[in-house]
Structures are given as C-alpha cells and as structure tokens.
Amino acid sequence: MTALPVEASGLVKLYGSLRAVDGISFAVRDGECFGFLGPNGAGKSTTIKMITCLSPITEGRLLVDGQDVRHEARAIKSALGVVPQDDSLDPDLPVRQNLEVYARYFGLSKQQSAARIDECLALFQLQEKANEKVDDLSGGLKRRLVIARALIHEPRILVLDEPTTGLDPQARHHVWQKLRLLKSQGVTMILTTHYMDEAAHLCDRLVIMHRGKILTEGNPHALIREHAGDHVLELRLGPEERSPLLGELSGVPDVAIEEVEDIVYVFGAGEVAQRIAEAIGDPSLAFLRPGNLEDVFLRLTGRGFLD
Ligand code: ADP
C-alpha cells in the first residue's frame, strides 16, 4: 500500500515563544485537493514550509510521501512540486530556459527535459510564450509558468502557497481551471488560501486554521451546511431597528446570532429570517443569502475572517 501523501500529528512550530503552529494533526489522501484556509497569521505558510522541508519542525510527527521530514528532506523534495508565494522566476531568462534550469536541478537528461518541458508548456498554454522573457509576461502567465515549473519532474504531490493571490479575476479562473485539470489527472494537491471562494471551489477537504490551531476539518460544502446552514440573514440596521428583531429571532429554536461591528449575522432562523428579509424589503438592510466558509469561521471564532 502506498503511504499517504502527508500525515501530521501533534505538529508544532515555535518562533521564539510564539506557537505559530500549535499541535495540529491532519492527513492528506491520495488524489485529493486539501486546503489550509485561514486569515493572515493563522500558521498556513509555516505548515507548508514544514511540509516542504524549508523549515524544521519543533515537535510532533510529519511524514510526507511516507518519509519523515526530519531525516528524508532530499527524497521528500523530489516527491513534491512546490509553487511558492513569490514567483522566484529568473526575470532575465526566457520562459523555456526557466524550465530547463529546473529540469537540470531534478536530474532530467537533455532529451527527457525537452519532452517534459513541451508537455508542461502545452498543459498551461504557454507554448507561444516559450521564447519570451519572463519579465514581459503578465502576472497570470507568470503564475501558470511557476505551476508548470513545479510539475517538471512529475511530482506525486503539488503544494501551492496562495496560488492566486494578486491575480485579476480572469487570471484566477484560468489558474483554477488548470488546477482542476491536474486534479482530474490524479495529482494530489495541497494549497493554502485566504480566499474562501477559492477553497470552496477547489478543495475536496480543508482545515480552517486560526492562531496556529485547526478549528475544523471537512468537505467545504458539508462544513457550511453543518455550521452555517443553508441560509444566513445579514442585518445592517441601526440599534433601534435592530433590537426588536433580535428579540424575535432569539426566540427561534437553534438560531445563532453573531454581531460583528455594524452587521448582525443570523444563522438557522429558517422561515423567520425569510419573513424578516421580505418585510424589510431592502437587501442593503436585510439580506438573505446562502451560507459560506466565512460564516463557518465566524461561528467558530465569533469574529470576522479578515479582521
Ligand atoms: P499565514 O500563512 O497563515 O498567514 P504564517 O504561517 O505566515 O501565517 O505565520 C504564522 C505566525 O508566525 C504569524 O504570527 C507570523 O508573524 C509568525 N511567523 C511566520 N514566520 C516567522 C518567522 N520566520 N519568524 C518569526 N515569526 C514568524
């Protein structure tokens, strides 16, 4: 039986007295897209750095491709394709040569490398750009090139640290489409993101991190159903209009109310929420919308994701 792509138990990373990663356990299954979602500073990148053997673990156990990160960094690195947050491309070299440098690093022969580079360029629709200087590419094309580069040695696991941060919506969708294609080809993917729509769109399973800990784990849609319900009522009302409504809502069984600054989020109010939204009749004041991963985070921490 092949080992799980990643298995972590009781994983800790200390920076001085800061517990950047605070005793987390998780397992990534073969062929899935597994996400780390959380606000800035949650510990996502630190976890990725430990998985990719760029940063030693402080405590616990971490196996990648069945091998211990403490002792097998070299073997692990060849099983991983890594897409770092910053592109780290050579700006002066043409696209093709950027890939050649990588192929050499992973020990591919000249012949193997030429064939593999052609495949990767084609997969990411970069053939026509092969001879252009990296500096002349758009942000979206650079991202595609970095993902292509990570696949040169046909790794078992692709690790992506915030793959679409800084891209415009069209470029983001293009990257998503390519990642879905890779997944359909059986590549295991691990990604970090602070975009909830990205996590919901790409991940089969994810963990939500906060202050170094895992708050919850599961399929994004199942998590939304469990913690936020199908619909959430958002109220943007002044204190006077707000309080009688909150009085009425608090009497509904299983309802949950979270107040974040000037917005009140109401979970699980069913028909009562619908009736209130219709009675107010102005979506800028009372908005009934589907639940999302931000709501899951809010329910678990009592505060907004991006604060
Ligand atoms: P995320 O990727 O979720 O934004 P990080 O893993 O980058 O979070 O950071 C987690 C915590 O660890 C933050 O408080 C951050 O300031 C701290 N941190 C990250 N890298 C270092 C470092 N090299 N030295 C000291 N503290 C760090």
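Me: Let's start with one spot. Where is the place of E154?
Reply: E154 is in the loop between α5 and β7. Keep in mind as we go that this is a predicted model.

Me: Okay, and is E154 buried or exposed?
Reply: E154 is exposed, with a relative accessible area of 58%. Its backbone is worth a look too: E154 has a positive phi of about 50 degrees, although it is not a glycine.

Me: Is α5 largely enclosed or largely open, and why?
Reply: Largely enclosed by the rest of the structure, because 10 of its 12 residues are buried. Among them are G140, L141, L145, V146 and I147, and also the arginines R143, R144 and R149.

Me: Can we zoom in on one of them? What is the relative accessibility of I147?
Reply: I147, which is found in helix α5, has 1% relative accessibility, so it counts as buried.

Me: And which residues is I147 in contact with?
Reply: Leaving aside neighbours within four places in sequence, I147 is in contact with V83, F124, L158, L160, V175, L179 and L182. There's also a pair to look at across the chain: the C-alpha atoms of I147 and D87 are separated by 9.5 Å, while the two residues are 60 residues apart along the chain.

Me: Switching to strands now. In which sense do β1 and β4 pair?
Reply: Antiparallel, over 5 bridges, with β1 at residues 6-15 and β4 at residues 59-64. To spot the pairing on screen, find A8, which stands opposite L62 in β4.

Me: What joins β4 to β5?
Reply: 2 bridges, and these strands run antiparallel as well. Here L63 stands opposite D68 in β5. β4 and β5 form a hairpin with 2 residues between them, and D65 in the turn has a positive phi of about 55 degrees.

Me: Nice. Now the big picture: how many helices and strands does the protein have?
Reply: It has 11 helices and 14 strands. The C-alpha atoms fill a box of roughly 75 × 45 × 35 Å, taken along the principal axes.

Me: What share of the residues count as buried?
Reply: Of the 307 residues, 49% count as buried. The protein exposes about 14,700 Å², and carbon and sulfur atoms supply 48% of that area.

Me: Last one! How far apart are the mean positions of the positive and negative charges?
Reply: They are 7 Å apart, for 34 positive and 44 negative charges.

Notes. Residues are numbered from 1 along each chain as its sequence is written. This is a predicted model: local features need pLDDT of at least 70, side-chain atom pairs count only at pLDDT 80 or more; totals for chains, interfaces and linings use all residues. Side-chain values use heavy atoms; hydrogens and water are left out. Buried means under 20% relative accessible area, exposed over 50%, partly exposed in between (1.4 Å probe, protein chains only). Helices (H or I, at least four residues) and strands (E, at least two) are DSSP runs, numbered from the N terminus. Accessible areas come from the Shrake-Rupley method with a 1.4 Å probe; for residues, only the protein chains shown count as cover. Lys and Arg count as positive and Asp and Glu as negative; His and the chain ends are not counted. The place of a charge is taken as NZ of Lys, CZ of Arg, CG of Asp or CD of Glu. Contact means heavy atoms within 4.5 Å. Two strands pair if DSSP finds at least two bridges between them.
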